[in-house]
Amino acid sequence: MKPYILGIESSCDDTSAAVLHGEFLLSNVIAGQEVHQAYGGVVPEFASRAHQQNIVPVVDQALQQAKIHKKQLSAIACTQGPGLLGSLLVGTSFAKALSLSLGIPLINVDHMDAHILAHFIRTESNPEKKVPEFPFLCLTVSGGHTQIAVVNGPFQADVIGRTIDDAAGETFDKAAKILGLPYPGGVMIDKLAVGGNPRAFAFSEPRIAGFDYSFSGLKTSILYFVRDRIKEDPDFIQKHLSDLCASVQHAIVAALMKKLRAAAKHTGIKGVAIAGGVSANTALRAALTAAGQEQGWTVFIPELIYSTDNAAMIAMAGLFSYREGHFANQGDTAYARKMK
Ligand code: KG4
Ligand code: ZN
(Lines give C-alpha, C1' and ligand atoms only; values in the text may rest on other atoms or scores of the structure.)
(Ligands and ions follow the chains in the order given, each with its own letter.)
Protein backbone atom coordinates (compact mmCIF):
# COMPACT_ATOMS: atom_id res chain seq x y z
CA MET A 1 0.00 0.00 0.00
CA LYS A 2 1.28 3.43 -0.86
CA PRO A 3 1.92 5.54 2.26
CA TYR A 4 0.25 8.89 2.94
CA ILE A 5 2.94 11.29 4.23
CA LEU A 6 2.14 14.66 5.81
CA GLY A 7 4.99 17.16 5.33
CA ILE A 8 5.40 20.23 7.57
CA GLU A 9 7.75 23.15 6.86
CA SER A 10 8.30 26.10 9.22
CA SER A 11 12.02 26.93 8.98
CA CYS A 12 11.74 30.60 8.02
CA ASP A 13 8.72 32.75 7.16
CA ASP A 14 6.43 30.31 5.35
CA THR A 15 4.14 27.90 7.19
CA SER A 16 3.44 25.02 4.86
CA ALA A 17 1.82 21.58 4.95
CA ALA A 18 1.54 19.02 2.16
CA VAL A 19 0.25 15.49 1.65
CA LEU A 20 1.92 12.90 -0.57
CA HIS A 21 0.38 9.59 -1.63
CA GLY A 22 3.37 7.54 -2.74
CA GLU A 23 5.35 10.06 -4.78
CA PHE A 24 2.19 11.81 -5.97
CA LEU A 25 1.43 15.15 -4.40
CA LEU A 26 -2.17 15.56 -3.24
CA SER A 27 -1.91 19.01 -1.62
CA ASN A 28 0.63 21.72 -0.82
CA VAL A 29 -0.65 24.66 1.24
CA ILE A 30 1.63 27.63 1.93
CA ALA A 31 0.85 30.57 4.24
CA GLY A 32 3.32 33.44 3.73
CA GLN A 33 3.87 36.16 6.33
CA GLU A 34 3.40 39.77 5.25
CA VAL A 35 4.31 41.14 8.68
CA HIS A 36 8.03 41.19 7.71
CA GLN A 37 7.66 43.52 4.72
CA ALA A 38 7.55 46.65 6.87
CA TYR A 39 10.91 45.69 8.44
CA GLY A 40 12.86 44.91 5.27
CA GLY A 41 13.64 41.33 6.34
CA VAL A 42 12.39 38.43 8.42
CA VAL A 43 11.91 39.30 12.12
CA PRO A 44 12.39 35.95 13.93
CA GLU A 45 10.02 36.67 16.83
CA PHE A 46 7.19 37.70 14.47
CA ALA A 47 7.87 34.63 12.32
CA SER A 48 7.42 32.27 15.30
CA ARG A 49 4.18 33.99 16.31
CA ALA A 50 2.76 33.76 12.80
CA HIS A 51 3.70 30.05 12.55
CA GLN A 52 1.78 29.46 15.82
CA GLN A 53 -1.31 31.08 14.31
CA ASN A 54 -0.98 29.37 10.93
CA ILE A 55 0.07 25.82 11.69
CA VAL A 56 -3.32 24.30 12.63
CA PRO A 57 -5.36 25.86 9.77
CA VAL A 58 -2.59 25.12 7.22
CA VAL A 59 -2.40 21.42 8.21
CA ASP A 60 -6.23 21.20 8.21
CA GLN A 61 -6.37 22.69 4.72
CA ALA A 62 -3.68 20.35 3.41
CA LEU A 63 -5.66 17.32 4.69
CA GLN A 64 -8.92 18.71 3.28
CA GLN A 65 -7.42 19.40 -0.15
CA ALA A 66 -5.90 15.91 -0.18
CA LYS A 67 -9.37 14.59 0.70
CA ILE A 68 -8.05 12.37 3.46
CA HIS A 69 -8.66 12.12 7.20
CA LYS A 70 -5.67 12.46 9.53
CA LYS A 71 -6.24 8.85 10.65
CA GLN A 72 -5.25 7.71 7.14
CA LEU A 73 -1.75 9.21 7.49
CA SER A 74 1.18 6.75 7.51
CA ALA A 75 3.86 9.17 8.85
CA ILE A 76 4.61 12.84 9.54
CA ALA A 77 7.74 14.46 8.11
CA CYS A 78 8.91 17.77 9.50
CA THR A 79 11.80 20.19 8.88
CA GLN A 80 14.28 19.74 11.74
CA GLY A 81 16.70 22.44 10.49
CA PRO A 82 18.54 24.51 9.44
CA GLY A 83 16.51 27.65 10.00
CA LEU A 84 15.23 30.03 12.66
CA LEU A 85 15.01 28.07 15.89
CA GLY A 86 11.78 29.66 17.13
CA SER A 87 10.12 28.96 13.78
CA LEU A 88 11.40 25.37 13.64
CA LEU A 89 10.14 24.72 17.18
CA VAL A 90 6.56 25.43 16.13
CA GLY A 91 6.68 22.86 13.31
CA THR A 92 8.67 20.19 15.15
CA SER A 93 6.58 20.43 18.35
CA PHE A 94 3.36 20.23 16.36
CA ALA A 95 4.63 17.25 14.35
CA LYS A 96 5.78 15.42 17.50
CA ALA A 97 2.40 15.92 19.19
CA LEU A 98 0.42 14.84 16.13
CA SER A 99 2.56 11.74 15.56
CA LEU A 100 2.14 10.74 19.23
CA SER A 101 -1.61 11.26 19.19
CA LEU A 102 -2.04 9.30 15.94
CA GLY A 103 0.50 6.63 16.89
CA ILE A 104 2.41 6.98 13.60
CA PRO A 105 6.12 7.52 12.92
CA LEU A 106 7.79 10.91 12.89
CA ILE A 107 10.48 11.70 10.28
CA ASN A 108 13.05 14.48 10.61
CA VAL A 109 13.98 16.26 7.39
CA ASP A 110 16.95 18.48 6.65
CA HIS A 111 15.72 21.55 4.74
CA MET A 112 18.66 21.50 2.30
CA ASP A 113 18.18 17.80 1.47
CA ALA A 114 14.51 18.58 0.86
CA HIS A 115 15.26 21.39 -1.63
CA ILE A 116 17.28 18.86 -3.66
CA LEU A 117 14.66 16.10 -3.36
CA ALA A 118 11.92 18.48 -4.59
CA HIS A 119 12.95 17.27 -8.05
CA PHE A 120 11.30 13.91 -7.34
CA ILE A 121 7.80 15.31 -6.66
CA ARG A 122 5.21 14.08 -9.13
CA THR A 123 1.62 15.11 -9.54
CA GLU A 124 -1.21 13.11 -11.04
CA SER A 125 -1.49 15.70 -13.81
CA ASN A 126 2.17 15.03 -14.76
CA PRO A 127 2.82 11.38 -13.80
CA GLU A 128 5.65 10.81 -16.30
CA LYS A 129 7.73 13.80 -15.17
CA LYS A 130 11.46 13.24 -15.78
CA VAL A 131 13.34 12.96 -12.47
CA PRO A 132 17.14 13.05 -11.99
CA GLU A 133 19.22 9.88 -11.86
CA PHE A 134 21.95 9.54 -9.22
CA PRO A 135 24.58 10.89 -9.27
CA PHE A 136 23.59 14.38 -10.36
CA LEU A 137 24.92 17.85 -9.58
CA CYS A 138 22.71 20.27 -7.69
CA LEU A 139 23.25 23.97 -7.21
CA THR A 140 21.12 24.88 -4.19
CA VAL A 141 20.65 28.61 -3.86
CA SER A 142 18.44 30.12 -1.18
CA GLY A 143 18.29 33.00 1.26
CA GLY A 144 20.64 31.30 3.69
CA HIS A 145 22.66 28.85 1.55
CA THR A 146 24.57 28.55 -1.68
CA GLN A 147 26.16 25.21 -2.44
CA ILE A 148 27.10 22.81 -5.21
CA ALA A 149 26.64 19.14 -4.29
CA VAL A 150 27.27 15.84 -6.01
CA VAL A 151 24.05 14.05 -5.12
CA ASN A 152 24.90 10.33 -4.89
CA GLY A 153 21.64 9.25 -3.27
CA PRO A 154 18.58 10.71 -1.51
CA PHE A 155 20.57 11.71 1.60
CA GLN A 156 24.07 11.56 0.16
CA ALA A 157 24.72 15.10 -1.01
CA ASP A 158 28.48 15.54 -1.11
CA VAL A 159 28.94 19.32 -0.93
CA ILE A 160 31.93 20.27 -3.10
CA GLY A 161 31.47 24.05 -3.06
CA ARG A 162 29.76 26.54 -0.78
CA THR A 163 29.68 30.26 -0.09
CA ILE A 164 32.28 31.54 2.31
CA ASP A 165 30.22 34.64 3.14
CA ASP A 166 26.80 35.75 1.79
CA ALA A 167 24.30 33.42 0.11
CA ALA A 168 23.05 34.21 -3.41
CA GLY A 169 19.52 34.99 -2.17
CA GLU A 170 20.95 37.23 0.53
CA THR A 171 22.94 39.07 -2.17
CA PHE A 172 19.76 39.59 -4.22
CA ASP A 173 17.94 40.83 -1.11
CA LYS A 174 20.77 43.17 -0.02
CA ALA A 175 21.17 44.58 -3.54
CA ALA A 176 17.41 45.19 -3.61
CA LYS A 177 17.66 47.05 -0.31
CA ILE A 178 20.46 49.24 -1.74
CA LEU A 179 18.12 50.02 -4.66
CA GLY A 180 15.33 50.94 -2.21
CA LEU A 181 13.17 47.94 -3.16
CA PRO A 182 10.92 46.17 -0.64
CA TYR A 183 11.62 42.74 0.90
CA PRO A 184 11.85 40.05 -0.41
CA GLY A 185 14.11 41.70 -2.94
CA GLY A 186 15.05 38.76 -5.16
CA VAL A 187 11.61 38.54 -6.73
CA MET A 188 11.48 42.35 -7.22
CA ILE A 189 14.87 42.41 -8.96
CA ASP A 190 13.75 39.55 -11.22
CA LYS A 191 10.54 41.44 -12.19
CA LEU A 192 12.17 44.84 -12.68
CA ALA A 193 15.06 43.37 -14.71
CA VAL A 194 12.64 42.58 -17.54
CA GLY A 195 13.54 44.86 -20.44
CA GLY A 196 16.72 46.08 -18.71
CA ASN A 197 20.22 45.78 -20.17
CA PRO A 198 22.20 43.15 -18.20
CA ARG A 199 25.45 44.68 -19.41
CA ALA A 200 24.59 48.32 -18.64
CA PHE A 201 26.70 48.32 -15.46
CA ALA A 202 29.60 46.08 -14.46
CA PHE A 203 30.29 45.10 -10.86
CA SER A 204 33.33 43.39 -9.41
CA GLU A 205 33.52 39.69 -10.27
CA PRO A 206 34.02 37.31 -7.36
CA ARG A 207 37.48 35.71 -7.44
CA ILE A 208 37.70 32.64 -5.30
CA ALA A 209 39.35 29.28 -5.79
CA GLY A 210 37.72 25.90 -6.45
CA PHE A 211 33.96 25.52 -6.45
CA ASP A 212 33.37 27.88 -3.54
CA TYR A 213 31.47 31.15 -3.80
CA SER A 214 31.95 34.60 -2.33
CA PHE A 215 29.38 37.36 -2.76
CA SER A 216 30.41 39.98 -0.20
CA GLY A 217 32.75 41.79 -2.63
CA LEU A 218 30.01 41.98 -5.25
CA LYS A 219 27.57 43.36 -2.69
CA THR A 220 30.07 46.05 -1.62
CA SER A 221 30.79 46.92 -5.24
CA ILE A 222 27.05 47.45 -5.90
CA LEU A 223 26.78 49.56 -2.74
CA TYR A 224 29.71 51.85 -3.61
CA PHE A 225 28.70 52.14 -7.27
CA VAL A 226 25.16 53.25 -6.41
CA ARG A 227 26.34 55.57 -3.61
CA ASP A 228 28.80 57.35 -5.96
CA ARG A 229 26.27 57.72 -8.78
CA ILE A 230 23.63 59.13 -6.41
CA LYS A 231 26.13 61.82 -5.39
CA GLU A 232 26.21 62.97 -9.04
CA ASP A 233 22.50 62.51 -9.66
CA PRO A 234 20.03 61.96 -6.79
CA ASP A 235 17.55 60.36 -9.24
CA PHE A 236 20.10 57.88 -10.62
CA ILE A 237 18.30 54.79 -9.26
CA GLN A 238 14.85 55.81 -10.54
CA LYS A 239 16.25 56.69 -13.98
CA HIS A 240 18.13 53.40 -14.38
CA LEU A 241 16.18 50.96 -12.22
CA SER A 242 15.55 48.36 -14.89
CA ASP A 243 19.18 48.38 -16.14
CA LEU A 244 20.46 48.26 -12.53
CA CYS A 245 18.29 45.23 -11.69
CA ALA A 246 19.26 43.45 -14.91
CA SER A 247 22.96 44.12 -14.27
CA VAL A 248 22.84 42.97 -10.62
CA GLN A 249 20.97 39.83 -11.66
CA HIS A 250 23.46 39.18 -14.45
CA ALA A 251 26.42 39.51 -12.08
CA ILE A 252 24.95 37.05 -9.54
CA VAL A 253 23.84 34.54 -12.17
CA ALA A 254 27.19 34.69 -14.00
CA ALA A 255 29.04 33.96 -10.73
CA LEU A 256 26.69 31.03 -9.96
CA MET A 257 27.01 29.54 -13.45
CA LYS A 258 30.80 29.88 -13.63
CA LYS A 259 31.34 27.49 -10.70
CA LEU A 260 28.54 25.17 -11.78
CA ARG A 261 30.16 24.77 -15.22
CA ALA A 262 33.53 24.13 -13.59
CA ALA A 263 32.01 21.51 -11.26
CA ALA A 264 30.28 19.73 -14.17
CA LYS A 265 33.52 19.71 -16.14
CA HIS A 266 35.53 18.43 -13.19
CA THR A 267 33.11 15.64 -12.18
CA GLY A 268 32.00 14.72 -15.72
CA ILE A 269 28.40 14.54 -14.41
CA LYS A 270 25.82 15.41 -17.07
CA GLY A 271 22.67 15.67 -14.95
CA VAL A 272 22.56 19.20 -13.55
CA ALA A 273 19.83 20.58 -11.27
CA ILE A 274 19.09 23.83 -9.48
CA ALA A 275 17.08 24.15 -6.27
CA GLY A 276 16.12 26.66 -3.57
CA GLY A 277 14.43 30.06 -3.66
CA VAL A 278 16.87 31.64 -6.12
CA SER A 279 16.21 28.82 -8.60
CA ALA A 280 12.94 30.70 -9.22
CA ASN A 281 15.02 33.41 -10.89
CA THR A 282 14.22 33.84 -14.59
CA ALA A 283 17.80 34.62 -15.63
CA LEU A 284 19.27 31.65 -13.71
CA ARG A 285 16.70 29.29 -15.24
CA ALA A 286 17.50 30.62 -18.72
CA ALA A 287 21.26 30.41 -18.14
CA LEU A 288 21.00 26.78 -16.99
CA THR A 289 18.85 25.84 -19.99
CA ALA A 290 21.33 27.50 -22.37
CA ALA A 291 24.36 25.87 -20.70
CA GLY A 292 22.58 22.51 -20.83
CA GLN A 293 22.06 22.81 -24.58
CA GLU A 294 25.63 23.91 -25.13
CA GLN A 295 27.24 21.29 -22.84
CA GLY A 296 24.90 18.36 -23.51
CA TRP A 297 23.63 18.32 -19.90
CA THR A 298 20.22 17.06 -18.87
CA VAL A 299 18.94 19.92 -16.76
CA PHE A 300 16.40 19.84 -13.94
CA ILE A 301 14.62 23.08 -13.08
CA PRO A 302 11.96 22.89 -10.35
CA GLU A 303 8.48 24.26 -10.91
CA LEU A 304 8.30 27.72 -9.31
CA ILE A 305 6.14 26.50 -6.43
CA TYR A 306 8.81 23.92 -5.45
CA SER A 307 11.72 26.42 -5.76
CA THR A 308 10.86 28.54 -2.76
CA ASP A 309 10.05 27.03 0.63
CA ASN A 310 7.21 24.49 0.59
CA ALA A 311 6.13 21.38 2.48
CA ALA A 312 5.79 19.20 -0.65
CA MET A 313 9.59 18.86 -0.70
CA ILE A 314 9.58 17.99 3.03
CA ALA A 315 7.00 15.26 2.43
CA MET A 316 9.08 13.99 -0.54
CA ALA A 317 12.24 13.76 1.59
CA GLY A 318 10.04 12.10 4.24
CA LEU A 319 8.96 9.47 1.72
CA PHE A 320 12.59 8.55 0.97
CA SER A 321 13.24 8.16 4.73
CA TYR A 322 10.02 6.19 5.17
CA ARG A 323 11.12 3.74 2.48
CA GLU A 324 14.50 3.40 4.20
CA GLY A 325 12.74 2.84 7.56
CA HIS A 326 14.55 5.83 8.99
CA PHE A 327 12.41 7.43 11.71
CA ALA A 328 12.88 10.08 14.41
CA ASN A 329 12.57 10.04 18.19
CA GLN A 330 10.50 12.32 20.39
CA GLY A 331 13.74 13.43 22.03
CA ASP A 332 15.25 14.80 18.80
CA THR A 333 15.65 18.57 18.72
CA ALA A 334 15.51 21.23 16.02
CA TYR A 335 18.80 22.77 14.88
CA ALA A 336 19.50 26.26 13.56
CA ARG A 337 22.61 25.21 11.64
CA LYS A 338 23.56 21.99 9.96
CA MET A 339 25.33 19.65 12.39
CA LYS A 340 26.93 17.35 9.79
O1 KG4 B 1 14.56 28.72 -0.35
P2 KG4 B 1 13.92 30.00 0.09
O3 KG4 B 1 12.44 30.20 -0.21
O4 KG4 B 1 14.10 30.23 1.62
C5 KG4 B 1 15.30 29.89 2.26
O6 KG4 B 1 15.44 28.68 2.60
O7 KG4 B 1 16.15 30.80 2.39
O8 KG4 B 1 14.77 31.18 -0.57
C9 KG4 B 1 14.46 32.54 -0.34
C10 KG4 B 1 15.40 33.39 -1.16
C11 KG4 B 1 15.26 34.88 -0.86
O12 KG4 B 1 16.56 35.43 -0.70
C13 KG4 B 1 14.58 35.43 -2.10
O14 KG4 B 1 14.90 36.76 -2.38
C15 KG4 B 1 15.13 34.50 -3.16
O16 KG4 B 1 15.13 33.23 -2.56
N17 KG4 B 1 14.28 34.49 -4.37
C18 KG4 B 1 14.67 34.96 -5.57
C19 KG4 B 1 13.57 34.81 -6.45
N20 KG4 B 1 12.55 34.24 -5.75
C21 KG4 B 1 13.01 34.05 -4.48
N22 KG4 B 1 15.85 35.50 -5.96
C23 KG4 B 1 15.94 35.87 -7.25
N24 KG4 B 1 14.94 35.77 -8.15
C25 KG4 B 1 13.74 35.25 -7.80
N26 KG4 B 1 12.75 35.13 -8.68
ZN1 ZN C 1 14.67 27.08 1.57
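Colleague: Across the interface of domain 1 and domain 2, how many residue pairs are in polar contact?

Modeller: Eight residue pairs are found in polar contact across that interface, counting pairs with both residues at pLDDT 80 or more. Keep in mind that this is a predicted model. The chain does have them, and the count comes to 10 salt bridges.

Let's look at who sits on the domain 1 side. Strand S3 (24-31), helix H3 (111-117), helix H9 (304-307) and helix H10 (312-324) are the elements that each give two or more residues to the side touching domain 2. H3 gives the most, with five residues. If you sort the residues on that side by type, you get 10 nonpolar, 10 polar and three charged.

Now step back to see how the two parts are laid out. Domain 1 comes in two pieces of the chain, 4-128 and 306-324, while domain 2 runs over 136-305. Their C-alpha centres are 27 Å apart. Where they meet, 23 residues of domain 1 touch 25 residues of domain 2. Together the two domains bury about 2000 Å², and 67% of that is on carbon and sulfur atoms. On the domain 1 side, Ile116, His119 and Ser307 lose the most area to domain 2, and between them they make up 31% of what that side buries.

The side chain of His115 has an N or O atom 3.2 Å from an oxygen atom of the ligand. Ligand 1 has 18 residues around it, and the ones that come nearest are Gly143, Asp173, Asp190, Gly277 and Asn281. For Gly143, a backbone N or O atom lies 2.8 Å from an oxygen atom of ligand 1. Gly186 also uses its backbone, with a polar atom 3.3 Å from a ligand oxygen.

Most peptide bonds are trans, and most residues other than glycine have a negative phi. With that in mind, look at Tyr183 and Pro184, which are joined by a cis peptide bond with omega about -5 degrees. Pro184 sits in the loop between helix H4 (168-178) and helix H5 (185-192). Another cis peptide bond links Gly81 to Pro82, with omega about -10 degrees. Pro82 is in the loop between strand S4 (75-81) and helix H2 (85-102). Then there's Lys67, which isn't a glycine but has a positive phi, near 60 degrees. You'll find Lys67 in the loop between helix H1 (44-66) and S4.

Side chains of opposite charge can pair when their charged atoms come close. Arg49 and Glu45 do this, with 3.4 Å from N to O. Both lie in H1, four residues apart, which is about one turn of the helix.

Methods:
Residues are numbered from 1 along each chain as its sequence is written. Chains are lettered from A and ligands numbered from 1 in the order in which they are written. This is a predicted model: local features need pLDDT of at least 70, side-chain atom pairs count only at pLDDT 80 or more; totals for chains, interfaces and linings use all residues. Side-chain values use heavy atoms; hydrogens and water are left out. Domain bounds come from an automatic or database domain assignment. Contact means heavy atoms within 4.5 Å. Buried area is the accessible area (1.4 Å probe) that two parts lose on being put together, summed over both. A polar contact is a pair of N or O atoms within 3.5 Å; within protein, one must be able to donate a hydrogen and the other to accept it, and residues adjacent in sequence count only if both atoms are side-chain atoms. Ala, Val, Leu, Ile, Met, Phe, Trp, Tyr, Cys and Pro count as nonpolar, Asp, Glu, Lys and Arg as charged, and the others, Gly among them, as polar. A residue is near a molecule or strand if one of its heavy atoms lies within 4 Å of it. A salt bridge is a side-chain nitrogen of Lys or Arg within 4 Å of a carboxyl oxygen of Asp or Glu.
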